[in-house]
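This briefing gathers the main features of the structure shown below, grouped by topic. Please read it alongside the sequence and the coordinates.

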Amino acid sequence: MKLRKSRASVTRRADERGWLAAAVFGAREELGLRQEELAELAGCSVGFVRQLEEGKRTVQLAKVEAVLDALGLHLQITSGLRDGVVVDEELLRRFAQGA
């Protein structure tokens, strides 16, 4: 499967919009899905997927989990972090190669 060109690198997107937004965008691009297709797979609206990828900070967790599940990703909660996020470096490398 050929990856589509991303409008921004995953790292830059993460800096601008947050790691969750970058991970969702990167995984969707890697799978070759349009936002509409991901929304249908996750059972949510296209607007929700768009807001999630834009880094909206107030989103419904159940819908986030449905989107992540549709992409084969999961959310991990780790103690000791306030403003940071633990990022899977292998996942980041994989997304960055196609960006």
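This is a predicted model: local features need pLDDT of at least 70, side-chain atom pairs count only at pLDDT 80 or more; totals for chains, interfaces and linings use all residues.

Helix α1, residues 10-17, has Val 10, Arg 13 and Ala 14 as buried residues. Seen down the axis of α1, these buried residues fall within an arc of 100 degrees, so they line one face of the helix.

**Helix α1 and its end**

- An α-helix has 3.6 residues a turn, so residues three or four places apart point the same way.
- Gly 18 follows α1 and has a positive phi, near 105 degrees.

**The chain as a whole**

- The secondary structure of the protein chain consists of six helices and zero strands, giving the pattern α-α-α-α-α-α along the sequence.
- Of the 99 residues in the protein chain, 34% are buried.
- When contacts in the protein chain between residues at least 6 apart in sequence are considered, 61% of them join residues at least 24 apart.
- The protein chain exposes about 6600 Å², of which carbon and sulfur atoms supply 48%.

- Helix α3 spans residues 35-42, and its buried residues are Gln 35, Leu 38, Ala 39 and Ala 42.
- These residues cover an arc of only 100 degrees around the axis, which puts them on the same side of α3.
- On the face of α3 turned away from the buried side are the exposed residues Glu 40 and Leu 41.
- Gly 43 comes after α3, and its phi is positive, near 70 degrees.

**Glu 53 in helix α4**

- Glu 53 belongs to helix α4, which runs over residues 46-53.
- With a relative accessibility of 2%, Glu 53 counts as buried, because the cut-off for a buried residue is under 20%.
- Beyond its neighbours within four places in sequence, Glu 53 is in contact with Arg 13, Arg 17, Ala 21, Val 24, Phe 25, Arg 28 and Gln 35.
- Among these partners of Glu 53, Arg 13 is one of the buried residues of α1, and Gln 35 is one of the buried residues of α3.
- Glu 53 and Trp 19 are 34 residues apart along the chain, and their C-alpha atoms are separated by 9.7 Å.
- The side chains of Glu 53 and Arg 28 are joined by a polar contact of 2.5 Å.

- Arg 28 is buried, with a relative accessible area of 4%.
- A salt bridge of 3.5 Å, N to O, links the side chains of Arg 28 and Glu 29.
- Glu 29 is likewise buried, with a relative accessible area of 9%.
- A polar atom of the Arg 28 side chain lies 2.9 Å from the backbone oxygen of Leu 33.

**Salt bridges**

- The count of salt bridges comes to four.
- Arg 34 takes part in a salt bridge with Glu 36 at 3.5 Å, N to O, and in another with Glu 37 at 3.2 Å, N to O.
- Arg 34 counts as partly exposed at 43% relative accessibility.
- Glu 37 counts as partly exposed at 28% relative accessibility, and Glu 36 is partly exposed with a relative accessible area of 38%.
- Salt bridges that share partners also join Arg 28, Glu 29 and Glu 53 into one network.

**A nonpolar surface patch**

- Leu 20, Leu 61 and Leu 75 make a nonpolar surface patch of about 250 Å².

Terms used: Residues are numbered from 1 along each chain as its sequence is written. Side-chain values use heavy atoms; hydrogens and water are left out. Helices (H or I, at least four residues) and strands (E, at least two) are DSSP runs, numbered from the N terminus. Buried means under 20% relative accessible area, exposed over 50%, partly exposed in between (1.4 Å probe, protein chains only). Contact means heavy atoms within 4.5 Å. A polar contact is a pair of N or O atoms within 3.5 Å; within protein, one must be able to donate a hydrogen and the other to accept it, and residues adjacent in sequence count only if both atoms are side-chain atoms. The arc is that of the directions from the helix axis to the C-beta atoms. Patches are made of residues with over 30% relative accessible area and no salt bridge: like charges are joined within 9 Å, nonpolar side chains (Val, Leu, Ile, Met, Phe, Trp, Tyr) within 5 Å. Accessible areas come from the Shrake-Rupley method with a 1.4 Å probe; for residues, only the protein chains shown count as cover.
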